[in-house]
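Please keep the sequence and the 3D view open while reading.

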Amino acid sequence: MLSEFNLKNKVAIVTGGCRGLGKAMAMGLAKHGCNIVISDIIEKESEKTAKEIKKLGVKAIAVKTDVSSKDSVDNLIKETIKRFKKIDILINNAGIYNPTPLETMKKQEWDKIMNINLNGYLLCVQSVFPYMKKQKKGAIINVASVAGLSAFANSAAYNCSKAAINMLTKTIATDWAKYGIRCNSICPGVIVTPMTEGLLRDKGFQMMIKTGTPLQRPGKAEELAGLAVYLASDASSYVNGAIIPIDGGWTSHL
Ligand SMILES: NC(=O)c1ccc[n+]([C@@H]2O[C@H](COP(=O)([O-])OP(=O)(O)OC[C@H]3O[C@@H](n4cnc5c(N)ncnc54)[C@H](O)[C@@H]3O)[C@@H](O)[C@H]2O)c1
């Protein structure tokens, strides 16, 4: 392993970390020595994932969290500090996707997506800030989406939440670099996870992915792990405010 990729004794919080992309990134960090806090609203699956991660030889805990609730995020930070005394890395990843046509979308549907996908990210970055500032170092990775770069059909709230996450990334990169905190966005294309498995059963959607993606297939969750390890580690020490698509080339020809 290149020494710059070493995450030994680092501590990472991964929101939405019990399954899908969050789990794959958490496993990737753990394989490089990072201790992990799995933070997710699904308690049982989080405990299971934390157990799986411990088998990789690092420490891991699960903390049930609703990222849209300030009290719940406060508890996540309290439990993390109680167990590990510090926070080096935050992967803001918890998110939901409910497609609805803009013309009939209810305000509650918009608010629900914004509260989790965007406000949840804000609560988490503000909560880790004092700990990262104190140690003059921190890496924040915001999982946005290619939907934050160009609009998915019938997905107004999701698209806007993801575009705003990318601007949150640039804002943190601008305002907190002086404290040694770097922030970058990962923008996945369509990746096979519980979020997309329903969509991916649809023949028309499968064809759209095949023809619209130069690599002609959806991504696998494990294919995000390398980028997450890179952005979390000193290997990316001069990368700050980057918005990085990981999409098989989808956005390269839009
Ligand atoms: N899968 C894709 O194709 C894709 C593409 C682009 C972006 N993304 C983004 O990647 C992230 C992970 O998505 P995924 O595909 O792994 O989906 P997923 O549904 O498998 O995982 C999302 C996780 O977030 C958790 N979560 C939901 N609401 C929460 C809340 N209020 N508090 C805490 N945890 C909560 C869920 O329990 C789940 O474990 C999301 O932000 C999603 O928007 C996914």
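Predicted model: local features only at pLDDT ≥ 70, side-chain atom pairs only at ≥ 80, totals over all residues.

Which of the 30 residues around the ligand come nearest? They are Arg 19, Asp 40, Asn 93, Tyr 158 and Thr 193.

**Ligand site**
- A polar backbone atom of Leu 21 lies 2.8 Å from an oxygen atom of the ligand.
- Asn 93, one of the nearest residues, also has a polar backbone atom 2.8 Å from a ligand oxygen.
- At Val 67 the ligand atom is a nitrogen, 3.0 Å from a polar backbone atom of that residue.
- The ligand exposes 820 Å² when taken alone, and the protein buries 96% of that area.

**Sheet**
- Seven strands form an open sheet with parallel pairing, in the order S3-S2-S1-S4-S5-S6-S9.
- Strands S3 (60-64) and S9 (243-246) are at the edges; each has a single partner strand, so one side of each lacks a neighbour in the sheet.
- From one strand to the next, the twist averages 20°.
- In general, strands of a sheet pair through backbone hydrogen bonds, in a parallel or an antiparallel way.
- S2 (residues 35-40) pairs with S3 in the parallel sense, over 5 bridges.
- Val 37 stands opposite Ile 61 of S3.

**Helices on the sheet**
- Helix H2 (residues 43-54) lies across S2 and S3, and its direction is at about 170° to S3.
- Helix H3 (residues 70-84) also packs on the sheet, where it touches S1 (11-15), S2 and S3.
- The direction of H3 makes about 160° with that of S3.

**Whole chain**
- The chain contains 8 helices and 9 strands.
- Along the principal axes, the C-alpha atoms fill a box of roughly 50 × 40 × 40 Å.

Technical notes. Residues numbered from 1 in each chain as written. Heavy atoms only, no water. Pairing = 2+ DSSP bridges. Helix = DSSP H or I, 4+ residues; strand = E, 2+ residues; numbered from the N terminus. Axes fitted to C-alpha atoms, helices over the stretch in contact; angles between N-to-C directions. Contact = heavy atoms within 4.5 Å. Near = heavy atom within 4 Å. Polar contact = N/O pair within 3.5 Å; in protein donor to acceptor, adjacent residues only side chain to side chain. Areas by Shrake-Rupley, 256 points an atom, 1.4 Å probe, with all protein chains shown as cover.
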